[in-house]
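Thanks for coming. I will walk through one structure today, a piece at a time, and the picture is coming up now.

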Amino acid sequence: MLPDDTARLRAAAAFVREHDTATLLPLLLPGLRGTELNSLAAHCRFVHAGLLLFPTDPQDLSSRLADCGLAADTPSQPSVVVRERLARRHRRGTGELDVRILRPAVRGPAGERRAVEVFALTVPAGSDLEAVAAHERARGHEAHLAFELEQPDPLVLRGLCTVLTRHGARPDGGGYNPHEDGTVLYFTTPAGETYGYRRIELYMHGDHRDALAAHFDERPGAGRPAETLLHLLTGAWTTQALAAFARLRLPEAMDTDAATSTRELARRTATHPDSLATLLRYLTMLDIVAEDTGGQDGFRLTPLGALLRADSPDSMRPLALMYAGPFYRSFGALDHTVRTGQPAFDHLFGENHFDHFARDPELADLFDRSMAASSRMFQPLPAHPVITAAAQAPTPRTVVDVAGGNGELLGRILTAHPKLRGTLLERPHAVEAARRSLDAAGCGARCDYRSGDFADVPHGGDVYVLSRILHDWDDDRCREILRHCARAMPDHADLLVIERLLPTDGSPSLATAWDLHMMCNVGGRERRGEHYARLLADAGLELIDRTPLPLEAYVLHARKAAPEIGA
């Protein structure tokens with residue numbers, strides 16, 4: 001192993017010790033700041049710097065590790081992804097390349113556990129692999145900085161990938177390593193080399209083949225149309241399997257660290273052991289649970305499955321029950337909506353979903369909790385410049401959350417900014433739920449509550465929030481809602497509209513899926529940014545800017561339009 005490899009290894013260890021996530025990301029992605037930076041930093045953390053080294057033998061590698069103050073006895077595993085990349089680049093058989101992965105531990109600036117990820121390709125003296133080593137040293141193809149997803153949720157992963165590509169990062173391969181049960185996605189950075197690193201790695205535990213397929217810009221099962229169609233046709237099974245898992249309280253009965261036998265889980269949940277085993281094997285394919293690989297009959301809960309626990313801080317259990325409940329039934333009548341233009345929900349239940357839920361307190365509570373679960377996806381909103389400016393004003397300012405559900409989003413804003421006050425407008429039953437929620441969050445003393453409809457938007461606020469409201473309605477109703485807000489807003493007030501935006505280029509998007517959902521269940525729609533700008537203008541409001549949020553959502557910032565001169 002040449003001396004410059006030791007120098008690179010020492011430099012990598014020093015880099016890992018000195019940098020943190022929030023300062024490193026903008027260096028790699030110029031222009032990344034504000035809510036997008038906060039979103040990325042909230043969902044992933046810097047865990048290692050990676051590089052490819054070329055020891056002559058294992059003892060040579062151990063000596064170099066020791067010379068750099070790293071553990072010489074660090075265990076290694078076979079590489080899959082990097083070995084395959086090297087084989088393709090140099091037209092070699094994978095069997096010719098002995099590539100190992102090892103991660104000697106390094107402490108970050110705050111003492112957090114990190115590593116230097118070493119890919120070691122053994123190159124014996126005089127071997128024909130010396131040409132490969134010289135090429136790789138000169139170009140540094142495998143040098144990268146890695147960020148691990150705290151919770152490998154598919155929607156969060158897609159949102160993070162969207163932010164990366166929006167700021168110029170480009171997909172550059174990846175793969176699944178069964179030896180450590182981990183999936184990696186590589187990106188090249190728009191800034192070229194940053195401190196000698198030109199690539200970003202997103203790492204997540206588990207097998208995420210669909211994420212890899214999207215990363216490689218291909219459909220799962222590409223080239224096998226019948227298999228692809230069958231996979232699509234059975235999507236309903238997944239929805240109901242997840243809901244059954246949640247309804248049976250299986251997530252609460254399972255441990256994330258140790259496997260529990262199927263028979264014991266059946267005893268805890270009063271279920272049929274053999275039938276339960278069939279469900280759990282299916283959920284294993286979805287990375288909701290993991291089967292014990294030590295020969296025992298048992299399963300453990302994965303971080304993804306833990307999101308279905310009722311007591312999880314970011315629980316998505318209400319969404320699972322809602323999407324597999326009334327909304328699932330109405331999607332069975334989607335053809336009615338396509339034929340008539342009328343919501344399938346209204347056709348099936350005889351009334352719109354707002355009135356239907358209001359008549360059933362249990363269903364209304366589930367709907368409000370599902371909306372609250374969704375609002376947790378918009379964690380960066382309290383850091384929006386409009387919110388922070390209001391919080392820093394010399395006199396207390398008020399945030400008005402119009403149709404704010406059970407107060408989850410308003411509670412996040414008030415918790416982040418103790419000087420702000422809040423006003424929540426909602427239906428009577430939702431107001432009581434919001435009062436309980438905000439009291440529990442310690443914000444109740446700074447909140448006022450108004451029962452009513454959109455015509456009752458409170459006057460005199462400083463910041464007005466419409467979070468995922470306009471997509472419920474047609475254009476005429478949206479104009480009416482926005483006019484109610486404009487009439488209530490003082491001249492200095494700001495309006496923040498949170499919605500998903502349809503892509504302008506027809507690219508795959510969560511907004512496109514939600515557009516179908518809104519049409520079928522509510523009679524509303526998702527829209528493009530310029531469409532919202534027109535609706536705002538029709539209500540006497542001007543779109544100032546738009547800021548991306550996770551999961552392809554945006555904050556549309558509007559203010560009252562300046563009166564025309566001479567008008």
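I start with Ala403, which sits in the loop between β13 and α22 (408-416). Helices here (H or I, at least four residues) and strands (E, at least two) are DSSP runs, numbered from the N terminus. Before going on, this is a predicted model, in which local features need pLDDT of at least 70 and side-chain atom pairs count only at pLDDT 80 or more, while totals for chains, interfaces and linings use all residues. Residues are numbered from 1 along each chain as its sequence is written, and side-chain values use heavy atoms, with hydrogens and water left out.

Back to Ala403. Its phi is near 55°, a positive value in a residue other than glycine. Most residues other than glycine have a negative phi. Buried means under 20% relative accessible area, exposed means over 50%, and partly exposed is in between, with a 1.4 Å probe and protein chains only.

Ala270 also has a positive phi, near 55°. Ala270 belongs to the loop between α12 (262-269) and α13 (273-285). With a relative accessible area of 72%, Ala270 is exposed.

Ala390 is in helix α21 (residues 385-391) and is buried, at a relative accessible area of 8%. Which residues does Ala390 touch, not counting residues up to four places away in sequence? They are Arg397, Leu420 and Val463; contact means heavy atoms within 4.5 Å. The C-alpha atoms of Ala390 and Lys419 are separated by 9.0 Å, and the two residues are 29 apart along the chain.

Now the sheets. Strands of a sheet pair through backbone hydrogen bonds, either parallel or antiparallel. For this model, two strands pair if DSSP finds at least two bridges between them.

Ser467 stands opposite Ile498 in β17.

Axes are lines fitted to C-alpha atoms, for helices over the stretch in contact, and angles run from 0 to 180 degrees between N-to-C directions.

A second open sheet has three strands in the order β10-β12-β11, and the pairing is antiparallel. β10 (260-261) and β11 (289-291) stand at the edges with a single partner strand each, so one side of each is left without a neighbour in the sheet. Two bridges join β10 to β12 (residues 298-301), in the antiparallel sense. Thr260 stands opposite Phe299 in β12.

Next, strand β8 (residues 182-188). How many of its seven residues are buried? Six are, so to speak leaving β8 mostly covered. Six bridges join β7 (residues 170-177) to β8, and the two run antiparallel. The bridge partner of Gly175 in β8 is Val184. The hairpin of β7 and β8 has four residues between the strands, and there Asp181 takes a positive phi near 50°. β8 is also joined to β9 (residues 199-205), by seven bridges and again antiparallel. There, Thr188 has Arg199 in β9 as its bridge partner.

Last, two items on helices. Helix α2 (residues 21-28) has Thr21, Leu24, Leu25 and Leu28 as its buried residues. Why do they line one face of the helix? Seen down the axis of α2, they fall within an arc of 100°, so they line one face; the arc is that of the directions from the helix axis to the C-beta atoms. An α-helix has 3.6 residues a turn, so residues three or four places apart point the same way.

Helix α5 (residues 81-90) and helix α6 (residues 130-139) pack at an angle of about 105°, with axes 12 Å apart. That makes α5 roughly perpendicular to α6, a label for angles of 65 to 115 degrees. On the α5 side the contact is made by Leu86, Arg89 and His90, and on the α6 side by Val132, His135 and Glu136. These residues divide into two nonpolar, two polar and two charged. Here Ala, Val, Leu, Ile, Met, Phe, Trp, Tyr, Cys and Pro count as nonpolar, Asp, Glu, Lys and Arg as charged, and the others, Gly among them, as polar.

Methods:
Angles under 35 degrees count as roughly parallel, over 145 as roughly antiparallel, 65 to 115 as roughly perpendicular and the rest as oblique.
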